[in-house]
Amino acid sequence: MAITTPREVIGSHEGSDRASANRILQLSTLVVTAIVVALSMWTTRSGGSELLTSDANSIRGIDDLWVTVAAGMVFLMQAGFMAFEVGLARPHHAPAVALKNLVDWTAASLAFFVVGFALMFGGGNSIIGWDLFALQDIPISIDSSVSGPTFFIFQLAFAGTAITIVSGSLVERTSFLSYAIVSVFMGLIIYPIFGRWVWGSLFDADSQGWLEALGFRDFAGSTVVHSVGAWTALVGVSIVGPRLGRFDLDGTSRPFPPSNLAMTVFGTLILWFGWWGFNGGSVFAFDGNVSRIILVTNLSGTAALLSSGVHAYATKRSSQVFSTVIGGALTGLVAITASADVVEPISAIAIGLVAGILHNLTGDLLEKLLIDDALGAIPVHGAGGIWGTLAVALFAPSDILELWGRSRLDQLAAQVLGILVCFVWVVGLAYLLFKAVERTIGLRVSPTRELVGMDVFEEDPIHAADADELADDELRELLS
Amino acid sequence: MAAAEFEPAQPEISAPIDTIAIKMPAGYNMMPPDEWQALHEEQRFNLIKAKRVAFLSAGVSIPVRPALRWLADHAGGNDEK
């Protein structure tokens, strides 16, 4: 468009009509220009607003993406547990061990979706939640930086981890169906209700659990996830009993050699990778804390591997050092889980060093008590869970404690309370659960299946005493 | 055949019975000999008649007659049976 300048209009001497036309054109040009400028200014302001909203969405989107990826990393730990366990189990039990890991994830997914999540994070009181069953009416948008479904997926991966810990202790002699039932009840009740007491406010600030109200802190689940799994396993192995031939009648321990330690190391590395998501995702935001948390997580695992290895080399048979060291490293990862958001890297190393030694000592204690924790879940997740939970109070920097408004001793008392409550709750319920299963459908596979391997889809061969050999009178006489 | 006449009808148990396995719908329940002997006689009778019991020595099944004799000789019980 050609714009006529005022000078051209004023300088025009070609008739009044043309002058009028030029004036109208001039005015029109000014009006159009004013409208364009006004529109431009409005558009710029509006665009800025959109940009701000877009930035906020982008930030929230990145948080959501990170937590979803972290959930995937935690889910991958199921594969890590599977490889870890298959490598340590005897070869003829490998298929059943692998299948149990698949089944407990399925049980966790359904049970936690339908009921568990609601009890843990639904609206309710400080003891239990009672809405969001089957995620009904779960808000897509919540106060925190991640959406409701993303939060659920992340928490589901945690529930699956707690449940699969149990399988490692019970392998090679526990009935498949019995284990599946135990897994379902863990996902329905045992895990979510204790989780409510500690993490209830993670999803809804109004749903604070009673333990967190008392100051108990467990960042990513040394107690909530790992100890819950370990104490359930402890009850399970105590009731199911040791594998045949694991201990002599005089109490001599006869460890079964691992079938494939390379597979166990592979599983450990997957678990280690998953732990980065386990702890890093628990921030529920993708900020500078994530990499710092991954750093301290890594340091604790490596320190634990080191101390466990040195201790095992000095005190154990050479054939046991390899598998002991692997468990030691995992114990360090469990131990840092409760405090990864607050401790300094140097503290993480100290936590890991102690964790590695504790792992070895706990394993030795279980042997002396004739408890057959087949793949060492209790030293890793139980001892590591207790130590890690205490470490929150022992290693949290002073300014963090000030921020929490607690002295170190107060915090230690709160941590001890949480550990004890967890033990009592889990052991009590798990005992009732395992006993109920034992009395109704049985817990163990047949001795034959235990000795030659388990195919869960084959009929369990029974080599029962043949009562037809005896007349009733002779049988009664022998029994009297 | 003469040698067979000197063979016992049931072999004696050389190793002790360490576990009694009771068949359940989805697996087994294991118990030590003392716990088995403490069960009521009628309960033990019915379990054996139902072919739900395996007497084990280091994981090996022992036939019913020598197993019951060994248990009567070696394992404790209670006064109620």
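Phe75(A) is placed in helix H2 of chain A, which covers residues 16-88. The model considered here is a predicted one, and the values given below were computed from it. In this model Phe75(A) is partly exposed, because its relative accessible area is 41%, a value that falls between the limits of 20% for buried and 50% for exposed. When residues up to four places away in sequence are left aside, Phe75(A) touches Trp105(A) and Ala157(A). A separation of 7.6 Å was computed between the C-alpha atoms of Phe75(A) and Gly274(A), two residues that lie 199 residues apart along the chain.

The largest nonpolar core comprises 114 residues, of which Phe117(A), Tyr191(A), Phe194(A) and Trp199(A) touch the most other members. Helix H4 of chain A, residues 148-170, supplies the largest share of this core, with 12 residues. Apart from this core lies another, made up of 24 residues, and among them are Ala465(A) as well as Met31(B), Trp36(B) and Leu68(B).

Helix H5 (residues 176-199) and helix H7 (residues 222-240) of chain A pack with their axes 10 Å apart and at an angle of about 140°. The crossing of H5(A) and H7(A) is right-handed. On the side of H5(A), the contact is formed by Met186(A), Ile190(A), Tyr191(A), Phe194(A), Gly195(A), Val198(A) and Trp199(A), while H7(A) contributes Thr223(A), Val224(A), Val225(A), Val228(A), Gly229(A) and Thr232(A).

Trp272(A), Trp275(A), Trp276(A), Asn279(A) and Gly280(A) of H8(A) are in contact with Val290(A), Ile293(A), Ile294(A), Thr297(A), Asn298(A), Gly301(A) and Thr302(A) of H9(A).

Chain B contains four helices and four strands, which follow one another along the sequence in the pattern α-β-β-α-α-β-β-α. Of the 81 residues in chain B, 48% are buried. Among the contacts in chain B with a separation of 6 or more, 60% are accounted for by residues 24 or more positions apart. The four strands of chain B form an open sheet with antiparallel pairing, in the order E2-E1-E3-E4. Strand E2 (27-31) and strand E4 (60-62) of chain B are the edge strands, each of which pairs on one side only. On average, and with direction ignored, neighbouring strands of the sheet are turned by 40° against each other. Strand E1 of chain B, residues 19-24, runs antiparallel to E2(B) and is joined to E2(B) by five bridges. Met24(B) has Gly27(B) as its bridge partner in E2(B).

Notes. Residues numbered from 1 in each chain as written. Chains lettered and ligands numbered in written order. Predicted model: local features only at pLDDT ≥ 70, side-chain atom pairs only at ≥ 80, totals over all residues. Heavy atoms only, no water. Core = buried A, V, L, I, M, F, W, Y, C linked by side-chain atoms within 4.5 Å. Buried < 20%, exposed > 50% of the residue type's maximum accessible area, 1.4 Å probe, protein only. Helix = DSSP H or I, 4+ residues; strand = E, 2+ residues; numbered from the N terminus. Pairing = 2+ DSSP bridges. Axes fitted to C-alpha atoms, helices over the stretch in contact; angles between N-to-C directions. Left-handed = near helix turned anticlockwise from the far one by under 90°. Contact = heavy atoms within 4.5 Å.
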